[in-house]
Amino acid sequence: MLLGQLQRKTSLPDDAIKTFCRVQERNPCAVEALEQLAELGLPLDMINRLCSQSGIPWLPKWLEAKSLETQNLYTDSLVILRDLDTTSDTSESLPLMLSMGRCFAHVLDSDSAQAVFRKAQEIDVNNTEEMDMLAFVLFCAGNKLLLNRLAHQLLSIDSESDASWSTAALYHLINNNAPATEAAIEKALKRNPQ
């Protein structure tokens with residue numbers, strides 16, 4: 001998995017696809033490998049063939065939603081994600097909530113995005129992944145108070161997370177504090193140079 005992720009980050013998508021396919025062949029239940037393949041744009045019919053070996057009934061729909069999200073078809077992805085959210089197997093899934101939150105943010109449904117990201121935080125209070133997207137939603141809504149709370153919360157959970165520092169940067173930006181914004185951006189970029 002790590003090799004595939006490294007290949008993906010270093011702009012070697014074809015190599016990453018081959019690596020994630022090998023991971024999935026060795027472990028048919030490697031959901032993360034299938035998710036990476038969907039995000040890399042592997043055709044849905046190929047992904048469905050691969051995931052049929054996993055025996056996880058909701059997985060094909062989940063991967064279809066991920067594929068649609070990757071293609072910027074957020075509304076279509078949300079239809080599937082909402083359906084998955086109503087099933088007992090996935091309703092408390094952190095990745096599902098994060099995907100829904102991202103899609104709601106992209107279709108500019110601020111209230112739904114905030115609600116779903118808050119549910120994600122309830123599922124895993126120590127999660128910082130994708131919380132910078134919640135910060136962006138709060139920033140766009142002009143909600144200084146909630147943005148301040150989120151920045152402090154994320155920094156107390158993980159001060160080494162790029163999402164924590166991105167959130168802090170947005171908080172300082174909304175308060176017109178350019179030096180603090182710049183410092184927070186530098187810290188975020190040190191943790192994730194992308």
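A salt bridge here is a side-chain nitrogen of Lys or Arg within 4 Å of a carboxyl oxygen of Asp or Glu. By that rule, this predicted model has seven salt bridges. Side chains of opposite charge can pair when their charged atoms come close.

**Stop one.** Select Arg-8 and Glu-39. Their side chains form a salt bridge, 2.8 Å from N to O. Arg-8 sits in helix H1 (residues 2-9) and Glu-39 in helix H3 (residues 31-39), so the pair ties together parts that are 31 residues apart in sequence. Now check the surface. Arg-8 is partly exposed, at 30% relative accessibility. Glu-39 is partly exposed too, at 22%.

**Stop two.** Select Glu-69 and Arg-102. This salt bridge spans 2.5 Å, N to O. Glu-69 belongs to helix H5 (residues 59-70) and Arg-102 to helix H7 (residues 94-106), so the pair ties together parts 33 residues apart in sequence. Are these two residues buried or exposed? Glu-69 has 10% relative accessibility, and buried means under 20%, so Glu-69 counts as buried. Arg-102, at 12%, counts as buried as well.

**Stop three.** Select Asp-85 and Lys-119. Their side chains meet in a salt bridge at 3.6 Å, N to O. The pair links distant parts of the chain: Asp-85 is in helix H6 (residues 74-85), Lys-119 is in helix H8 (residues 110-123), and they are 34 residues apart. Lys-119 is partly exposed, at 26% relative accessibility.

**Last stop.** Select Arg-8, Glu-35, Glu-39, Lys-66, Glu-69, Arg-102 and Glu-130 together. Salt bridges that share partners join these residues into one network.

Conventions:
Residues numbered from 1 in each chain as written. Predicted model: local features only at pLDDT ≥ 70, side-chain atom pairs only at ≥ 80, totals over all residues. Heavy atoms only, no water. Helix = DSSP H or I, 4+ residues; strand = E, 2+ residues; numbered from the N terminus. Buried < 20%, exposed > 50% of the residue type's maximum accessible area, 1.4 Å probe, protein only.
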